[in-house]
Amino acid sequence: TRPFSLAVVPGDGIGPEVTAQALRVLDVLAPQHGVTFERTEYDLGARRWHATGETLPDAVLEEIRQHDAILLGAVGDPSVPSGVLERGLLLKLRFELDHYVNLRPSKLFTGVPTPLAAPGDIDFVVVREGTEGPYVGNGGAIRVGTPQEVATEVSLNTAFGVERVVRDAFARAQARPRRKLTLVHKNNVLVHAGHLWSRTVETVAAEYPEVTVDYLHVDAATIFLATDPARFDVIVTDNLFGDILTDLAAAITGGIGLAASGNVNPDRTAPSMFEPVHGSAPDIAGQSKADPTAAILSAGLLLDHLGLPEAAAQITEAVEADIAERSGARSTEEVGEAIASRVAGEVSTVA
Ligand code: NAD
Ligand code: IPM
Ligand code: MN
């Protein structure tokens, strides 16, 4: 058996609820594939912050760094000032572990309710830059709380950072059947960053003659996500636009409860981190109402990353089958149980 070490950060709200179901599915798969997942669970998030004032101590970060991959639930809690955990824990992990490719696939599974009347064949992936943009904390405020307050939040875009994520997106587009790449930005207004992104795409495109390249301003991209999402194959975009577009992408493909993501370090200089796109959902936390499917699909992306594509495919198939037969409200545990049973081969799909 091949041992893999996983750092598990369940986090806040529904994070621990959905993570438990993802781990349950991984436990079913492990013996089938001759692997083990040795887990270290990290108590990080609101509870720890209230108890100690810590978000992610450097010593804990260094421990997490020693693992093969990270599985994260969600962070953020109404009892903690907004931004403390999001920046101090989640973004710190993404930045410190150089997760420059934030991979967010969207596929409309058969039988999934979508708000779109004519969805078409939705199957695209957003390659969201993960370490730069307006997320870097390059800003400040003066005269806070006065009528003269001034606040800035400056977006950081480096040639190095843009080129590496654009190259990754082109490689992904080249490997997909439709070979199409859409850059989404706002280069008609954000001319400095926008032109860097556009120029970089143009330059790298020369190395990928088989990839069709397209550009959309982010506002227009939201139109097409709602009216013609089947036109997209690979979308490459900056950190903030990617955040917003992927909640919309989730909404058109069955909802936020199904949307998975990987924070990938393609150079493998540090472990990659897999987590649902959704947050800690304080409005439903503790009620077993959260759909764990996004967390389970994220575990599938983790398996792919660890070189276990057959195991990953089992998760996708089990989720597709489960979705096709969904009816009525089920608890978090019931959904996890149903998917785990399918992965175990205990449930045969009704033809
Ligand atoms: P959210 O994604 O937590 O919730 C938005 C809506 O979606 C809520 O109505 C929620 O009940 C619903 N929802 C989310 N996940 C669901 C699931 N698995 N099943 C069913 N319904 C689900 O976003 P928000 O309300 O904007 O943020 C809440 C907190 O989570 C904030 O503190 C925010 O900063 C944080 N957050 C964290 C992450 C992360 O850890 N990656 C992502 C987004 C938001
Ligand atoms: C996400 C979240 C995070 C982001 C927040 C919580 C920092 O919304 O993972 O989509 O903006 O990246
Ligand atoms: Mn988000």
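Which residue in strand 3 is the bridge partner of Val 8? The legends below take this up, together with the sheet, the domains and the ligands. The model is a predicted one, in which local features need pLDDT of at least 70 and side-chain atom pairs count only at pLDDT 80 or more, while totals for chains, interfaces and linings use all residues. Residues are numbered from 1 along each chain as its sequence is written, and chains are lettered from A and ligands numbered from 1 in the order in which they are written.

**View 1. Strand 1 beside strand 3.** The partner of Val 8 is Leu 71, which lies in strand 3. Strand 1 (residues 2–11) and strand 3 (residues 69–74) run parallel and are joined by 5 bridges; two strands count as paired if DSSP finds at least two bridges between them. Strands (E, at least two residues) and helices (H or I, at least four) are DSSP runs numbered from the N terminus.

**View 2. Where the two domains meet.** An automatic or database assignment gives domain 1 (1–103 + 256–351) and domain 2 (114–253), whose C-alpha centres lie 24 Å apart. Domain 1 gives 16 residues to the contact and domain 2 gives 18 residues. On the side of domain 1 that touches domain 2, the largest share, 4 residues, comes from helix 4.

**View 3. The shell around ligand 2.** Gly 76, Glu 86, Leu 90, Leu 91, Asp 243, Val 277 and Gly 279 surround ligand 2, each counted as near if its C-beta atom, placed from the backbone, lies within 6 Å. Helix 4 (residues 84–96) provides the largest share of this shell, 3 residues. By class, the shell has 3 nonpolar, 2 polar and 2 charged residues, with Ala, Val, Leu, Ile, Met, Phe, Trp, Tyr, Cys and Pro taken as nonpolar, Asp, Glu, Lys and Arg as charged, and the others, Gly among them, as polar.

**View 4. The shell around ligand 1.** Ligand 1 is surrounded by 20 residues, and the closest are Gly 76, Gly 257, His 278, Gly 279 and Ala 281. This shell divides into 11 nonpolar, 5 polar and 4 charged residues.

Note on methods. Two residues are in contact if their C-beta atoms, placed from the backbone, lie within 7 Å.
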